[in-house]
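Please read these points with the model open beside you. Find each residue as it comes up.

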Amino acid sequence: MTGVALSRERVVFPPEAVFEATLLDVTQSDQPPVVLGRQRRAPAGQPPYALRIPYPPMRFAPKGRYEVRATVTLEGRLLLASDRRYPVPQEAAYRHVDVQMQRMLPQTATVEASVPLLLTHWRLVEMGGETVPSPSDGAVAPHLVFQAEEARAIGSGGCNRFLADYEWQPQSGRLRLGQLVSNIALCLQSSGIETRYFEALLAVQGFRQDGTRLVLRGADGEPLLRFEAAETPLS
């Protein structure tokens, strides 16, 4: 898979900066994306970067969905990141994608982030100070994804999918979700966790990122929900 990763601004990076581009299978929207290939360049040098991501061609299914994402980090802190979806064409001869990366300014809530808030698959790991149990094989874990092209969050409580509008201010760390819209399937095993999860999402007033972790906070700054960025390695 070839292409070019570009920066929207002129930037100069120190020698310790690292560039990474990842080819992801995002066909299963309720599951973490599957890493099909990764390109790493250290030191990163300066953009633009030529993309050459190796991948197993047999993993491209006719009805699958695939994307490329790119970042530049410095000592684990995010400097540049692709800020929208960049789909990969199905035809092997046309698997060339140019990716735009946006500068990540050191805002209060994101200064220690190593992955973007938007488009990352955030898996719920703790709620109200209690660890959320891992789902059984094949089951959907409670999760959250902030879309980039529009201010809409999607996810699942472990049973029912949901969507909601969101408003965020990375400068101040403010974040709010609007009314959740979900389907109404009955799942006895996860219904208790799901109800608490949905209620907590509606009480969110702020956020903070640290590495690959995300904390959503209430009105008094108390942590309501903790998430981990999730990817699935190629098996």
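The points below go from the whole chain down to single residues.

1. **Ground rules.** This is a predicted model, in which local features need pLDDT of at least 70, side-chain atom pairs count only at pLDDT 80 or more, and totals for chains, interfaces and linings use all residues. Residues are numbered from 1 along each chain as its sequence is written, and side-chain values use heavy atoms, with hydrogens and water left out.

2. **Overall make-up.** The protein has 19 strands and 1 helix. Both are DSSP runs, numbered from the N terminus: a helix (H or I) takes at least four residues and a strand (E) at least two.

3. **Size.** The C-alpha trace spans about 50 × 40 × 25 Å along its principal axes. The radius of gyration is 18 Å, which agrees with the value near 18 Å for a compact globule of 235 residues. That radius is taken over C-alpha atoms, and the globule rule is 2.2 Å times the number of residues to the power 0.38.

4. **Burial and surface.** Of the 235 residues, 47% count as buried. Buried means under 20% relative accessible area, exposed means over 50%, and partly exposed lies in between (1.4 Å probe, protein chains only). The accessible surface comes to about 12,400 Å². Carbon and sulfur atoms hold 51% of that surface. Areas come from the Shrake-Rupley method with a 1.4 Å probe; for residues, only the protein chains shown count as cover.

5. **Contacts along the chain.** A contact means heavy atoms within 4.5 Å. Take the contacts between residues at least 6 apart in sequence: 60% of them join residues at least 24 apart.

6. **Charges.** There are 25 positive and 25 negative charges, and their mean positions are 5 Å apart. Lys and Arg count as positive, Asp and Glu as negative; His and the chain ends are not counted. Each charge is placed at NZ of Lys, CZ of Arg, CG of Asp or CD of Glu.

7. **The open sheet.** In what order do the 8 strands of the open sheet lie? The order is E4-E1-E7-E6-E5-E2-E3-E19, with mixed pairing. Its edge strands are E4 (49-52) and E19 (232-233), each pairing on one side only. Two strands pair if DSSP finds at least two bridges between them.

8. Look at E19 first. Strand E3 (residues 34-41) pairs with E19 in the parallel sense, over 2 bridges. Opposite Val 34 stands Thr 232 of E19. Now turn to E4. Strand E1 (residues 2-7) runs antiparallel to E4, and 4 bridges join them. Thr 2 has Arg 52 of E4 as its bridge partner. One face of E4 is covered, with Tyr 49 and Leu 51; the other, with Ala 50 and Arg 52, is uncovered.

9. Most peptide bonds are trans, and most residues other than glycine have a negative phi. Check the exceptions here. The bond from Ala 42 to Pro 43 is cis, with omega near 5 degrees. Another cis bond joins Pro 47 and Pro 48, with omega about 5 degrees. Pro 43 is in the loop between E3 and E4, and Pro 48 lies in the loop between E3 and E4 too.

10. **Positive phi.** Glu 75 is not a glycine, yet its phi is positive, about 50 degrees. Glu 75 lies in the loop between strand E5 (66-74) and strand E6 (77-82). Leu 119 has a positive phi as well, near 70 degrees. Its loop runs between strand E8 (112-113) and strand E9 (122-127). Which is buried or exposed? Glu 75 counts as exposed, at 66% relative accessibility. Leu 119 is buried, at 6%.

11. Leu 225 belongs to strand E18 (residues 223-229). Leu 225 is buried, because its relative accessible area is 0%. Leaving out residues up to four places away in sequence, Leu 225 touches several residues, among them Leu 124, Met 127, Tyr 197 and Leu 214. Ala 229 also lies in E18. Ala 229 counts as partly exposed, because its relative accessibility is 27%.
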